[in-house]
Each structure stands twice: as structure tokens, then as C-alpha cells.
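Here are my notes on the model.

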Amino acid sequence: MSLSQVEAATESDQVEQPVGNLRQAAWRRLRRDPVAITGFVLIAMFIVVAVLAPLIAPYDPRDTPGAGTITPTNIPGPSAEHWFGLDEQGRDELSRVIYGARQSLLVGVVAMLLGMAGGMVLGVLAGAFGRWVDSVVMRIVDIMLSIPGLLMAIAIAAVLGRSLTSVMIAIAAVNVPIFARLLRGQMMSQRESDYVLAARSLGVRRRSIVLSHVLPNSMSPVIVQATLTLATAIIEAAALSFLGLGGADPAVPEWGRMLASTQRYLASAPHLALFPGLAIMVAALGFTLIGERLREALDPKYRR
């Protein structure tokens, strides 16, 4: 067998590799990838801190153990007793950063799930029916994409009122058109595959073809986008809280709100902005690393 024939056979095997095998190969690549491992470690730390916050935090986030040491010109920084220092009201900064992870995880996961669910409904409608249904859905998506995401989120959160639920809905609405366009494109390409043509020739109903074959084979890019959406959701939630559109209770720690409340103390107490900012960066970085490596692992162009 010639070299060209061997290469052609190899490429054919890669194209015909089942989706299950592709996902198994992607998982094997991720387990050996140091960047992906770093992302998994950062995400694991973030989740553990958020879930076990009452056990890890040294103080209640509402308590003011250092209130007597706070003056307008003196806010104590990191010390042996308070690792991240105190805030402007004498509350333990480490405890508030830890509890703030719970809010970020909740907002990120719920917003991602809502956005993915809404986007998948629109994407399935457009990709399965095509024709005028596709045109109507895509025009709606185009209108939503024409508005900058952060501006849309601010407008929705402002209309719904100041609450954590409003933040979740606002961030989810921003991500609906992204998931819709992505899933629609994947389903449109899958509709022309040989297995779909074979199923049609055998008289299989369109609903069965879409739900049992086309949709499952179109989900890999959606899963990748979901991990990236978690990263952006954390940043957007912090941005909305920074602008005063987060939860109504100011005593509940949110990373964005913590950053907003430290503007007057940046010169005298920079630690108040440093630690919440690092928390946002680390959490978003973990999901971004996983998303990027997962995209490469699931893309046949990167397989060897």
C-alpha cells in the first residue's frame, strides 16, 4: 500500500470515528494536557470554596470583629488574624471573598443553564424546520446580537429591578442568541449527512431524526460554549453588581459590589480591591482554560 493510500485510509477512519470514540479521545487528551489540568484545579478550588463556605470561612461575612480598629484613614491590611485584612466596616475580607464565591457560582450556573436552554429551543426550531421558521428565528437572533451584550444585560436588570434573579435573567438573555446561532449552524450541517439521508429514505419521522440523531451529534460545540459562558457570566455578574444592579441586600457579599465599595479606599487600602479582583480573575480563568482546551480536544482538526 502506498503512502498516499495509508494517509487516505487514516483520514477516512478519523472522519468515520463514532461520536462516543471522539469524546473518549477528547477526555484522554484533556487528562494529559497541563493547561486543562490547571483549569480543572482552579474550577475545583472555586466549587469547593463556594460549597463549603460556612466551614472554610473563619468569620460570618456579616460580623465586624475589627470594627474597633477601623478609622477613616486606617483600614488594617492582611495580618495573622485576618489573612486578607479588614474592610471599611471591620468585616473579615477573607470570609466575604469566600462567601462571594457562592453568589458567583450560583449566578454563573443558573444563567448558563437558562441561556443554553433558551438558545437550544431557538436553535432546534431553526435547524430542524428551516425555511420560514429559520428565517424568523435568525432575524430575532440577529436583532439580539446587534445590541452589545453588557448594555442589554444592564437594561434588562434595570427593568426587572435590583435582585440576584434579575442578574441571572439578564445574563441568560445575553447568551440565548449565541447558543441559538451555534446550535442552528451545527444542525444545518448535520442535516446533510449521509446518516440523515439514510434515515429519511427508510421513512424515519423527522422528529425522531432530529431528537435522536441530529441534536446529539450537534451538542459538542454547545458544551464547549457552556464552559466559556460560565466564565463570562461570572465577569458579567461582577460588572452588574459593580454598577449597583446586584442583590438588594448590601450585607450579602458579592465580588462586584465589594469592588465598587472600595473605590474611595484604593490609595489607603488597596487590598480591598486586590482580593475580590483576583477571585474574579481566577474563577473566570479556570472555565476559560477548560473551554479552550475542550474546543481543541473535540475539534477533529486538532486530532493526531
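Helices here are DSSP runs (H or I, at least four residues; strands are E, at least two), numbered from the N terminus. This is a predicted model, in which local features need pLDDT of at least 70, side-chain atom pairs count only at pLDDT 80 or more, and totals for chains, interfaces and linings use all residues. Residues are numbered from 1 along each chain as its sequence is written, and side-chain values use heavy atoms, with hydrogens and water left out.

1. Annotated span. UniProt, in an unreviewed entry, places "domain: ABC transmembrane type-1" at residues 101–291. Such annotations may be inferred rather than shown by experiment. In the model this span is 80% helix and 0% strand, and its end C-alpha atoms lie 20 Å apart.

2. Second largest pocket. A pocket is an open set of points on a 1 Å grid, with protein on both sides within 12 Å along at least five of seven lines; lining residues have an atom within 4 Å of a point. This one holds about 340 Å³. It is lined by 15 residues, and Met45, Val49, Val97, Ala279 and Val282 are the closest to its centre. Helices H3 (34–51), H5 (93–129) and H13 (271–298) each supply at least two lining residues. H13 gives the most, with 5. By class, the lining has 15 nonpolar, no polar and no charged residues. Ala, Val, Leu, Ile, Met, Phe, Trp, Tyr, Cys and Pro count as nonpolar, Asp, Glu, Lys and Arg as charged, and the others as polar.

3. Largest cavity. A cavity is a set of grid points where a 1.4 Å probe fits but cannot get out. The structure holds 1 cavity of 30 Å³ or more. The largest has about 90 Å³ of space. H5, H8, H11 (220–242) and H12 (255–260) each supply at least two residues of its lining. That lining divides into 6 nonpolar, 4 polar and 1 charged. Glu254 and Trp255 are among the residues there.

4. H5 against H8. H5 and H8 (residues 164–190) pack at about 35°, with axes 5 Å apart; axes are lines fitted to C-alpha atoms over the stretch in contact, and angles run from 0 to 180 degrees between N-to-C directions. The contact has 23 nonpolar, 7 polar and 1 charged residues.

5. Aromatic rings. The whole structure has 3 aromatic pairs (ring centres within 6.5 Å; planes under 30 degrees apart are stacked, over 60 edge-to-face, the rest tilted). Phe46 and Trp255 form a tilted one, at 6.1 Å centre to centre and 45° between the planes. Phe46 lies in H3 and Trp255 in H12, so this pair ties together parts 209 residues apart in sequence.

How values were computed: Points joined across faces, edges and corners; volume = space filled by probe spheres on them. Phe/Tyr/Trp six-rings, centres within 6.5 Å; stacked < 30°, edge-to-face > 60°.
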